[in-house]
Amino acid sequence: METPPLNPSLPGIRLIQSWGRDKIPLSLELADGLRLEGRLLWQDPEFLALERPGSSQPVLINRRAVLIIRPLG
């Protein structure tokens, strides 16, 4: 299945971009129940790159696995 392009005209995409630009900490809840916290480094049509506290490398999260994104700041 082909992933549709990231559409920056959608309000949800713009909001996520603003959280990343403003370096607001986020909490992501995944479909398997795992909850991750960190700052969004970048996003593309398939992945979100999350910088976790104390880690030198970002975690890539498949967008399809994300159920909820909450700002923490």
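Analyst: In the hairpin of strand 1 and strand 2, four residues stand between the strands, and Gly33 takes a positive phi near 95°. Strands here are DSSP runs (E, at least two residues) and helices likewise (H or I, at least four residues), numbered from the N terminus. The model is predicted: local features need pLDDT of at least 70, side-chain atom pairs count only at pLDDT 80 or more, and totals for chains, interfaces and linings use all residues. Residues are numbered from 1 along each chain as its sequence is written, and side-chain values use heavy atoms, with hydrogens and water left out.

Strand 1 and strand 2 run antiparallel and are joined by five bridges; two strands count as paired if DSSP finds at least two bridges between them. Within this pairing, Leu28 stands opposite Leu36 in strand 2.

A salt bridge also belongs to this region: Glu29 pairs with Arg35, with the closest N and O atoms 2.8 Å apart. The term salt bridge means a side-chain nitrogen of Lys or Arg within 4 Å of a carboxyl oxygen of Asp or Glu. Glu29 is buried, at a relative accessible area of 18%. Buried is under 20% relative accessible area, exposed is over 50%, and partly exposed lies in between (1.4 Å probe, protein chains only).

Strand 2 (residues 35–43) leads on to strand 3 (residues 47–51), and a hairpin of three residues joins the two. Their pairing is antiparallel, over four bridges. Here Trp42 has Ala49 in strand 3 as its bridge partner.

A search of the whole structure finds two salt bridges, and one of them links Arg39 to Glu51, at 2.6 Å from N to O. In general, side chains of opposite charge can pair when their charged atoms come close.

In helix 1 (residues 11–21), Ile13, Ile16, Ser18, Trp19 and Gly20 are buried. What covers these buried residues includes strand 1 (25–30), strand 2 and strand 5 (66–71), where contact means heavy atoms within 4.5 Å. After helix 1 comes Lys23, which has a positive phi near 55°.
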